[in-house]
Each structure stands twice: as structure tokens, then as C-alpha cells.
Amino acid sequence: MKVREDYKYTRTHQWLSEEGGSALVGITDYAQEQLGGIVFVSLPEEGEAVAAGRPFAEVESAKVVSEVHSPVSGIVGEVNEALADEPDMANEDPYGAWFVRVEGITAYAELLSAAEYTAYVEGLLAGGREGEG
Amino acid sequence: MRLSYFEGLGMDPYENLAMEERLVDICGEGEAILYLWQNDRTVVIGRNQDAAAECPLDLLARDGVRLARRNSGGGAVYHDAGNLNFSIICREFPRGASMPRQKMPRQKMPRQKQKEIVLRALSSLGIEASASGRNDVTAGGGKVSGFAYYARGSSWCGHGTLMVDVDLESLQKYLFPKRGRQMQRGVASEVARVKNLRDINPDIGVGDLMRSLRASFEGAFCGKCCESALSDSDLSDIRMRRERFASDAWIYGKWAREDRAISRRFGWGRVTLRFRVKNGVISGLKAETDAMDPGLADALRERLIGVPLDGDNLKAAFSGNDGGAGCHPAGSGEDDARELMEIGEWLGGLSFGGSGE
């Protein structure tokens with residue numbers, strides 16, 4: 001499982017990359033691996049508000065339709081339309097396939113460093129991988 | 001583990017989906033729910049499908065067949081009283097998490113467990129079935145059941161169909177067969193060869209299947225279902241949720257919101273174009289065609305996104321047509337150029353009326 005050193009993470013498996021006054025948000029390598037082939041990504045519209053810890057997008061794979069939670073509160077300044085067109089970008093390049101750019105950030109969910117997130121996921125994996133069909 | 005059993009209140013697909021969602025939201029820690037339900041003649045599409053691309057909306061309206069969108073992903077299915085739906089609902093996620101936790105205390109992952117419950121229920125009725133592909137169950141050489149899943153808050157729901165005695169003629173009539181359809185955003189259905197369980201065991205009925213599913217569910221969790229009943233607040237909540245499931249906004253989705261859809265048959269196939277329009281300018285385009293040409297939808301998008309939605313501008317977008325060199329598979333350039341030219345002529349001659357609000 002890959003983790004980018006310069007990103008921040010949530011326990012719900014999103015990443016956050018801040019630059020200047022805004023941040024890009026996406027899902028982690030662990031998340032995309034759990035989901036399997038992603039066939040649809042439902043994104044918010046530009047200008048919509050997102051709230052830290054609350055769902056702002058959805059992903060559909062053959063295994064599940066799942067919510068994606070925002071690591072920050074703010075306003076969606078930009079939406080990755082290319083990801084909506086090719087959802088499997090999130091499988092192929094999870095740390096490049098950003099979902100939205102959030103601007104005017106007012107609050108953060110609890111964020112983990114790369115090392116903390118790695119330890120957290122290793123804990124989940126050590127919990128046992130049982131007969132997944 | 002606490003086991004609960006519910007049956008649908010009636011044959012109304014919107015109410016049944018609303019009740020399922022309610023059960024997902026009230027499912028407690030350490031609880032598993034089995035919910036069995038049936039819809040009267042209904043096409044049910046997946047969470048992220050485009051209704052108009054999956055079924056003939058005009059035929060459905062004419063024949064009184066309902067259209068519903070479910071919470072889970074996957075493809076379109078046809079339900080009638082010959083089909084039984086089962087939902088297995090449990091709490092498998094840490095609160096607020098969006099991904100399944102690897103650690104599953106005392107039990108296997110729910111997807112696997114659910115398949116076992118269905119296979120055992122069928123086996124107890126003398127039907128030897130097997131899991132096939134990722135989400136199907138086959139028996140007697142055909143697909144008898146399909147599964148789909150969603151997560152909501154900290155709950156998980158896996159549900160599926162079981163075809164006992166579905167009217168296959170209607171199924172074929174109310175679901176589009178897919179041939180080379182190109183999807184721009186949206187999940188395409190896979191067409192499977194389906195089979196009714198009654199063709200394998202002529203004595204089987206929906207009631208038998210309900211009893212054997214319940215027994216198999218109890219066996220899988222080593223317990224007995226307690227008699228569960230919906231409270232008044234559950235019922236009023238289900239009525240509210242039903243409104244959402246029955247609304248056009250939910251059923252037709254975002255492509256209905258600001259859409260202009262046009263369709264025309266050419267000598268080489270039918271083309272359906274759905275535009276999303278922002279301030280009079282095309283901001284999204286979904287192109288569907290039954291022509292076997294994988295490059296056409298992309299070529300259309302390339303030309304039309306960002307173009308004002310009116311005849312003159314659309315016509316201009318197709319002038320200086322060089323066949324879209326560079327974006328088409330080799331060998332199909334000439335056909336593409338001809339198809340694009342014909343589409344351009346068609347669009348250039350259209351009047352879209354009104355201002356793009």
C-alpha cells in the first residue's frame with residue numbers, strides 16, 4: 001500500500017494536500033484497493049459547501065456504493081471533471097486523482113500524518129483478512 | 001447477535017426501497033436484519049444509471065410499469081410478483097467510516113456470508129446453485145439472482161433478486177438490450193442470460209423461498225429471528241422517504257435537471273445526445289449510439305463542450321471537419337468523418353428555442 005509523505009490523511013481513508021489557501025481531496029490507495037474497480041464517481045458542484053467529517057461525494061464499485069467524507073470544511077472551488085469521466089483514475093493513480101479543490105477552509109477533521117496513517121492501516125490489516133469472496 | 005426479520009408492506013417499489021433504507025438506518029450494533037420484499041411490475045435501475053439509457057420510458061409509461069432507482073450500484077433489472085427481493089443489513093463499519101473494516105469479529109465478510117445464505121436456501125429447495133462472477137448466482141445454466149451493495153453511515157446493505165417465475169417476455173420488453181452503447185458517465189448494465197427457478201424446480205413458490213431464506217439466515221448467524229415490528233415513527237419516516245424514492249429528481253437524476261435530450265436515427269445507427277447546459281453553454285454531453293464506433297462519443301464531446309447551445313454555433317463546431325485526426329482508432333477515420341458530418345448537419349438545422357437559463 002502506498003502512502004504519500006507530503007499528504008495528510010483521515011481514518012475514513014481520504015487524503016488532503018494543501019497548497020496556498022486551498023486543498024485537494026481524494027481517496028487513499030488503501031481505499032481504492034478495498035473498493036476494487038471504481039465504475040462511478042459522484043461529485044458535488046462547484047460552489048457547494050462541504051463539511052469536515054461529512055460525506056461530499058460517492059464512489060460506486062462492484063462491491064459497494066460508498067460515501068466519501070471531507071477532511072475539511074469549506075467551499076468547492078473546483079471539481080475534477082476528468083475523474084467523473086474516467087472513474088478508474090482513482091484506482092490507477094489514487095494520489096493524483098483528486099476529487100475536488102476546497103477553498104476558504106474553515107475547519108479540519110482529525111488528520112493523520114503519513115506515518116500515523118500507515119500505522120493505522122497496518123492495524124486494520126493485522127486485524128485479519130477473512131474469507132472475502 | 002440479534003436477528004430481525006421483516007417483510008415488505010406491499011408491492012410498491014418506492015415504499016419498499018424506503019423501508020429498506022429505514023431499516024439500514026435503524027439497524028443496531030450487533031444486529032443483522034433480513035428483509036424480504038416484492039415489487040409489482042417495475043424496472044429498477046442502479047444508483048448511478050441513466051434511466052433513459054436503460055429502458056424504454058415511453059413503453060413503461062404506456063403499460064403502467066413503474067421505474068425506480070435503488071440505493072445500490074449495478075445495472076437495471078425487471079421485477080414483478082414472480083421475483084423475490086432479499087436484503088441483508090448489518091452494522092459492519094466503524095461509525096462515520098466510508099470503507100469496510102478488514103476486521104470482522106466472529107464472522108466472515110458480509111458479502112461472502114450473504115452468498116452462502118442464498119446458496120443454502122436454494123439448496124434446501126433442491127436447487128444446486130453457484131456463485132458466478134462477482135455478484136451473480138447461477139443455476140441450471142442461467143442467472144437466477146444478482147446482488148448489489150451500499151454502505152450508509154455505519155451500516156451495510158447487500159440485497160438481491162431471486163427470479164422464481166418472472167415474466168421473461170416483459171423483462172425483455174422493458175429493459176434495453178445493450179449493443180455497443182457508449183456511456184459517457186453512468187454505469188452500463190450487463191446483460192445476462194436469466195433463468196427462473198421454477199424452470200429448475202416446478203414446485204417452488206415465492207413462499208417456499210421466503211421460508212428457506214429465513215431458515216438459512218438464522219442458520220448462518222446461529223440464532224432465531226425475533227418478531228420485529230415497525231413503530232409508528234418508523235412508518236411515518238418510511239412515508240417521507242417514499243416521497244423521495246418516487247420523485248422525478250431521484251429517479252431521473254442530474255441528467256434530467258438541466259437537460260436537453262435529442263435523438264435521431266441515421267443510416268448507420270441511432271444517436272441520442274443529452275446536453276447539460278450552464279448559462280446557455282454546453283457543459284456536459286452524454287452521447288449514446290448503437291453504431292459500433294468507440295471514438296464517436298469522444299469526438300462529439302471534443303467538438304461540443306463549451307459551445308453555446310444553438311444551431312449556428314453547433315454547426316460552426318463541425319465546420320473545418322478534418323475527421324478529428326488523432327483521436328480515433330485507425331481504420332475508422334472515413335466512417336467517423338461521415339458520421340460527424342451528418343450529426344453536424346442535423347444539429348445545425350435544429351432550433352433549441354428558449355434561452356439556456
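**Charged pairs and hairpins in chain B**

Modeller: B:Arg2 has a relative accessible area of 47% and is therefore partly exposed, a class that lies between buried (under 20%) and exposed (over 50%), judged with a 1.4 Å probe and protein chains only. This is a predicted model, in which local features need pLDDT of at least 70 and side-chain atom pairs count only at pLDDT 80 or more, while totals for chains, interfaces and linings use all residues. Residues are numbered from 1 along each chain as its sequence is written, chains are lettered from A and ligands numbered from 1 in the order in which they are written, and side-chain values use heavy atoms, with hydrogens and water left out.

The partner of B:Arg2 is B:Glu31, and the two form a salt bridge whose closest N and O atoms are 3.6 Å apart; the term stands for a side-chain nitrogen of Lys or Arg within 4 Å of a carboxyl oxygen of Asp or Glu. Because B:Glu31 belongs to strand 2 and B:Arg2 to strand 1 (residues 2-7) of chain B, this pair ties together parts that are 29 residues apart in sequence. Helices (H or I, at least four residues) and strands (E, at least two) are DSSP runs numbered from the N terminus. B:Glu31, with a relative accessible area of 10%, is buried.

Over all chains, the structure holds 27 salt bridges. Another of them joins the side chains of B:Asp234 and B:Arg22, at 2.7 Å from N to O. Since B:Asp234 lies in helix 7 (residues 232-246) and B:Arg22 in helix 1 (residues 13-26) of chain B, the pair links parts that are 212 residues apart in sequence. B:Asp234 counts as buried at 8% relative accessibility, and B:Arg22 is buried too, with a relative accessible area of 15%. Both residues belong to a network of salt bridges, which also includes B:Glu21, B:Asp25, B:Arg152, B:Asp237, B:Arg241 and B:Arg244.

B:Arg338 counts as partly exposed at 38% relative accessibility, and B:Glu342 is partly exposed with a relative accessible area of 22%.

Turning to the strands, strand 7 (residues 129-132) and strand 8 of chain B pair in the antiparallel sense over 4 bridges, where pairing requires that DSSP finds at least two bridges between two strands. Here B:Ser130 stands opposite B:Thr138 in strand 8, and in the hairpin, which has 3 residues between the strands, B:Gly133 takes a positive phi near 60°. Strand 8 (residues 136-139) has a covered face, B:Val137 and B:Ala139, and an uncovered face, B:Asp136 and B:Thr138.
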